[in-house]
Amino acid sequence: MTTPDGIGRTAVPAVPAVPAVPAALAHAAGSPRYWLPSQAAVAPTTAAPTATAPAAATPTAPTAPSTPPSTPPGAFNVEAVRRDFPQLHREVNGRPLVWLDNGATTLKPRQVVEAVAEHYSMGTSNVHRGAHSLAKQATQVYEEGRQAAADLLGTPDQGEIVFVRGTTEAVNLVAQSWGRANLGVGDEVLVSAAEHHSNLVPWQLIAAERRARIRPIPLLPDGRLDQDAYRDLLGSRTKLVALTHASNVLGTVPPVAEMTALAHRYGAKVLVDGAQAVSHFPVDVTALDADFYAFSGHKIFAPTGIGVLFGKRELLEAMPPWQGGGNMIDSVSFEETTYAPVPHRLEAGTGHIAGVAGLRAALHYLAGLDREAATAYEEQLTTYAMGALATVPGLQLIGNAPGKIGVLTFLLAGTDPIALARALDQQGIAVRAGHHCAQPALASFGLQSAVRASLALYNTVQDVDALVAALHDLQAR
């Protein structure tokens, strides 16, 4: 399965403007509840939309079944995955929770919760500096977490993995260290109009300090990045290109490898924000040839407060420390201080050790799944959701780029986005409303606010049906 740039997923065909909910996904009595049929069965149709609302979702039982449901050969067993996520089995406002706010944060499997609890209950210690047994055990878990992150991103060198608080801190680290050392008067940083504020504001701050210039890569009407405009923007003054690997408001997956290759022809570096990508499809930074790649643990089923910055070793070794303190030094005197080798030079102070324990557990959990089957399942569910949402009168979906991830941002005619999100919450459906920390992306469509439903690998057709039924009901009032 390959992306437009060769990284680990297939492109989902564009959905017609007003498709019907595929009949092949109707839930026959007695059929397994949480698997999707083959890709052919969920291909979009050009039939006219159904005049009636989809059936309401069957409530998820608060306790998991004792035996897994029968699953077709090669299918992704979402029912088994759901049993690992306790929060999916609670109620909100007297209704079974339908969690469709994965773009903001993903839920945590019990394995992650147990790993964090284990650290605090039995394994508490600082890392790297202690000679006692618990320090050695904590250090082992910590460095195994670094190796798990290296494996996730496809780098053979775990020294290229720097622990940070999240994607935001990763981008700020690169901007304040690499950017301060390499940007000068008149230099240019290209930033796509699809970026989260975390991959724009840090570049604005350092550009203002260094008297460099930010230049936006515009969007096309379907949410794709304008590749012709991008080629025209590249030049001898381009020092860095900041790209999302998957947009948090449009779901767009740009051709990152192709765009990186073009930037490298001009000697520019490329930083990729992978916060929304890593949980949805495999990533290989070597194949992408990214200079920097960042993601947040809480977007990939791990705790908040822990994240990862990948950087090519030669770049990390040339970057001056951003923060000073313990852990990042070799020796200190009033006359001279020397610094530890990377990655520790860029990890001042005590890290989020419990967070790394949780990240390690989350990445091991993900590695234990069939990623190809999980990615195909999410693609099929996204196609289904786009078709189902198109049956809601007055609903406008924002972003329809081929191959998008399951980010479904929309407006409902005559309804304020915040009010709509609150109304859905009363039915147990969690979505996000607002500007999604991506105001330039929404402004490209003449918008200031929208509702966003975002899918993860534990979501189901029933979750989508619950959302669509609620929207039909609210629109009919």
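User: Before we start, what does contact mean here?
Analyst: Contact means heavy atoms within 4.5 Å. Keep in mind that this is a predicted model.

User: Is Gln 323 buried, exposed or partly exposed?
Analyst: Partly exposed, because its relative accessibility is 42%.

User: Switching to Arg 82: where is that one?
Analyst: In helix α1, residues 78–82. Arg 82 counts as buried, because its relative accessibility is 2%.

User: What lies 2.8 Å from a polar atom of its side chain?
Analyst: The backbone oxygen of Tyr 458.

User: Now helices. At what angle do α11 and α14 cross?
Analyst: Roughly 15°, and the axes of α11 (371–389) and α14 (461–476) come within 10 Å. Angles under 35 degrees count as roughly parallel, so α11 is roughly parallel to α14.

User: Left-handed or right-handed?
Analyst: The crossing is right-handed. Residues making the contact include Tyr 377, Leu 381 and Tyr 384 of α11, and Val 464, Leu 467 and Leu 471 of α14.

User: Last one: what's the mean pLDDT of the protein chain?
Analyst: 87, and 84% of the residues reach 70 or more. Over residues 1–71, though, the pLDDT is below 50, and that stretch has 139 contacts in the model beyond near neighbours in sequence. Where pLDDT is low, the predicted coordinates should not be read in detail.

Technical notes:
Residues are numbered from 1 along each chain as its sequence is written. This is a predicted model: local features need pLDDT of at least 70, side-chain atom pairs count only at pLDDT 80 or more; totals for chains, interfaces and linings use all residues. Side-chain values use heavy atoms; hydrogens and water are left out. pLDDT is the predictor's confidence in each residue, from 0 to 100. Buried means under 20% relative accessible area, exposed over 50%, partly exposed in between (1.4 Å probe, protein chains only). Helices (H or I, at least four residues) and strands (E, at least two) are DSSP runs, numbered from the N terminus. A polar contact is a pair of N or O atoms within 3.5 Å; within protein, one must be able to donate a hydrogen and the other to accept it, and residues adjacent in sequence count only if both atoms are side-chain atoms. Axes are lines fitted to C-alpha atoms, for helices over the stretch in contact, and angles run from 0 to 180 degrees between N-to-C directions. Angles under 35 degrees count as roughly parallel, over 145 as roughly antiparallel, 65 to 115 as roughly perpendicular and the rest as oblique. A crossing is left-handed if the near helix is turned anticlockwise from the far one by less than a right angle, and right-handed if clockwise.
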